[in-house]
Amino acid sequence: MKLALSDEDAAFRDELRRFYATEIPEDIRDRGKTGHPSFPDDMVTSQRILNANGLAVPNWPVEWGGKKWSPLQRQIWLDEMQLAGVPEPLAFNTKMVGPVIAQFGSQAMKERFLPATANIDIWWCQGFSEPEAGSDLASIRTTAVRDGDTYVVNGQKTWTTLGQYADWIFLLARTDPNAPKRQAGISFLLAEMSTPGITLRPIELIDGSYEVNEIFFEDVRIPADQLVGEENQGWTYAKFLLGNERTGIARIGLTKLWMSQVKEHAAQLQVNGAPLLHDPLFAARVAEIETGLLALELTQMRVSGSEADGKPNPASSILKLRGSQLQQAATELLVEVAGPDALPFDAGADVDTPAWAQDAAPRYLNYRKTSIYGGTNEIQRSIIASTILGL
């Protein structure tokens, strides 16, 4: 495989760089690079600019705003976006429920939801995990009982990221409790968050942030026309969605951005009379992460675009596993560069430590989650062993 871009792909990359640098407001990009976006406004503004220019959902079918790009071009689109500090389009909309509706929804459902989803006129959240069903989604206990033209839903979801902003939720519920296999009898439903009987409660994270929630469903009536595809086929749709989610979790461009910040700060830090970046052991750790990023990038190029038939690519588990490991390694390295300056938290200008160093520890803590969400790394190893290696 050639590591250098062709002239065509290099021109494609340069045009994206120009677009991101000129069409996305500079203040949004600056906040994105430092990890302090004005949320959710920056994301909404950025995604609507992208969508107006046909750049929000390149992975969707062309008739719904997608692009006939090669897997490499899609990768360039995402990497350059992350490197530029441009907020990535909301994954719940563009990588999760949007592709599922486009692939399995009725024509009426596509017309109703896809344009609004691409333009983030609807903010979606994900209702998969439950207190007793995280990576083992087949164990979900939320039920949906058909009653005339509605489904009556009862149960609980947890770790619902950004649910506090959501207008709608896509969820898995058990519609056939007597199915012979746990994976059978599960359906994929769409519900408006304002529906009576839905209660959202915040969960505070270890870094002090609030981005996840638990959601309770008590006799919630969801119209039957908000069932995606066929009843009891939700497991198939969930696997398709998770393949897209795990591919996106790799976040290669973001990790590259972080590594550039690590090297920038390490070059300025003097240790024993020389820059930390010149220390052989530290430099070796930087090289190890960057080599891993290159290998992951090549893997993602192979995986991207291989799911057009609606079947998940098990190699997405490799992207999820290795991508989360590299993100965590980069955040660990930044904490080490910050040293004692990483100890103040949210102190601002009241202490004599740089803002990037104050951010290092919260970022490190927050990204402990990457080895858990989207299916734990242990689950991904099992998928890789059984599906790819045949063990």
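The model is predicted, so local features are taken where pLDDT is at least 70, side-chain atom pairs count only at pLDDT 80 or more, and totals for chains, interfaces and linings use all residues. Residues are numbered from 1 along each chain as its sequence is written, and side-chain values use heavy atoms, with hydrogens and water left out.

Let's start with charges. Side chains of opposite charge can pair when their charged atoms come close. Here a salt bridge means a side-chain nitrogen of Lys or Arg within 4 Å of a carboxyl oxygen of Asp or Glu. By this rule the model has 15 salt bridges.

One of them joins the side chains of Arg-31 and Asp-42, with 2.8 Å from N to O. Arg-31 sits in helix α2 (residues 26–34) and Asp-42 in helix α3 (residues 41–52), so this pair links distant parts of the chain, eleven residues apart. Helices are DSSP runs of H or I with at least four residues, strands are runs of E with at least two, and both are numbered from the N terminus.

How accessible are these two partners? We call a residue buried under 20% relative accessible area, exposed over 50%, and partly exposed in between, using a 1.4 Å probe and protein chains only. Arg-31 counts as partly exposed because its relative accessibility is 26%, whereas Asp-42 counts as buried because its value is 4%.

Next, find Glu-130 and Lys-157, which form a salt bridge whose closest N and O atoms are 2.8 Å apart. Glu-130 lies in the loop between β1 and β2 (143–147), and Lys-157 lies in strand β3 (residues 150–157), so the pair ties together parts that are 27 residues apart in sequence. Both Glu-130 and Lys-157 are buried. Elsewhere, salt bridges with shared partners join Asp-27, Arg-31 and Asp-42 into one network.

Another bridge connects the side chains of Arg-48 and Asp-121, at 3.2 Å from N to O. Arg-48 belongs to helix α3, while Asp-121 is in the loop between α6 (107–118) and β1 (124–127), 73 residues apart. Arg-48 is partly exposed at 35% relative accessible area, and Asp-121 is partly exposed at 44%.

Finally, look at helix α4 (residues 71–83). Its 13 residues reach 18 Å from the first C-alpha to the last, close to the 18 Å expected at 1.5 Å a residue; the expected span is 1.5 Å times one less than the number of residues. The buried residues of α4 include Ile-76, Trp-77 and Leu-78. After α4 comes Gly-85, with a positive phi near 80°.
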